[in-house]
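The following exercises are to be worked with the sequence and coordinates at hand. Each task is followed by a stepwise solution.

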Amino acid sequence: MNATVTEQDPRVQTAHSLAEYLAAALRADLDVDPSARALLVVSGGSTPKPLFAALRDKPLDWSRVDITLADERWVSEDADDSNARFVREHLLSGAASAATFHPLTNAEAEPEDGCAEVSARIAALPWPASALILGMGSDGHTASLFPDGDRLQEALTSADCCVPMRAPSVPQARITLSLERLRQTRRTVLHLTGTDKQAVLSRALSDVEAVSELPIRAFLSAPLALYWAP
Ligand SMILES: O=C(O)[C@H](O)[C@@H](O)[C@H](O)[C@H](O)COP(=O)(O)O
């Protein structure tokens, strides 16, 4: 007998499992009532690309789904490193093109000037979100909560929806949802790949460093679904 061996990329497999979980969460929240809308908060970076590919054709009523970002670089939407561009190209196609996307930028030149308008617009979405998907950097940042962020303390304590952020470790100015807003979700997912990030997460779980040193720690005291692949 000839055996057929199919090798699956673990990152793609993990993305598929997470897409199933998110689609089920969105369906459950939409099924509550026919007029209900569901909000999905996604992250940028490179990790979500296979997730978006696995999620965008899931059968659900995408016309009742709002999508926004956990954070954004303050760049134009056609810039290579715009998270909005990334979402439009990789998530908002196929069935998911019926969803409504809410970007975190506007025409102001600086996030400090544009933040109030973005905050008001994003606060008006149907919170709590069905799900928040966070990534994490090797410095323990998540969303744009950077250990060296100029407004990290404000973002960790503010009741405002969004906070501008600049950090010496990253080239562009950013805008991030505040911790309080990021916590307004029914489900929080941490989506990671690689052994380097596994090591950072172990450090964060060891309870030695402060939230200001490893901001991901702000999410470890509440239920969190971890999707990790080597
Ligand atoms: O837009 C961004 O850059 C994110 O919001 C950021 O918090 C990201 O999730 C991590 O930096 C992980 O990025 P990677 O997925 O590229 O490793």
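**Exercise 1.** In what order do the three strands of the open sheet lie, and is their pairing parallel or antiparallel?

*Solution.* The model under study is a predicted one. Step 1: reading across the open sheet, the order of the three strands is S3-S7-S6, and the pairing is antiparallel. Step 2: the edges are formed by strand S3 (71-73) and strand S6 (162-165), each of which pairs on one side only. Step 3: on average, neighbouring strands of this sheet are turned by 20° against each other, with direction ignored. Step 4: between S6 and strand S7 (residues 174-177), the antiparallel pairing extends over four bridges.

**Exercise 2.** Determine which helix lies across S6 and S7, and at what angle the helix runs to S6.

*Solution.* Step 1: the helix is H4, which runs at about 160° to S6. Step 2: H4 comprises residues 111-123 and includes Cys 115. Step 3: apart from neighbours within four places in sequence, the contacts of Cys 115 are Cys 162, Val 163, Pro 164 and Ile 175.

**Exercise 3.** Classify Cys 115, Ala 143 and Asp 207 as buried or exposed.

*Solution.* Step 1: the cut-off for a buried residue is 20 or more other C-beta atoms within 10 Å, and for an exposed one 12 or fewer. Step 2: Cys 115 has 23 other C-beta atoms within 10 Å and is therefore buried. Step 3: Ala 143 has 31 C-beta neighbours inside 10 Å, so Ala 143 is also buried. Step 4: Asp 207 has 8 other C-beta atoms within 10 Å and is therefore exposed.

**Exercise 4.** How many residues surround the ligand, and which are the closest?

*Solution.* Step 1: the ligand is surrounded by 14 residues, the closest being Gly 44, Gly 45, Ser 46, Thr 47 and Gly 135. Step 2: by class, the shell divides into three nonpolar, 10 polar and one charged residue.

Definitions and conventions:
Residues numbered from 1 in each chain as written. Predicted model: local features only at pLDDT ≥ 70, side-chain atom pairs only at ≥ 80, totals over all residues. Near = placed C-beta within 6 Å. Nonpolar A, V, L, I, M, F, W, Y, C, P; charged D, E, K, R; others polar. Helix = DSSP H or I, 4+ residues; strand = E, 2+ residues; numbered from the N terminus. Contact = placed C-beta atoms within 7 Å. Pairing = 2+ DSSP bridges. Axes fitted to C-alpha atoms, helices over the stretch in contact; angles between N-to-C directions.
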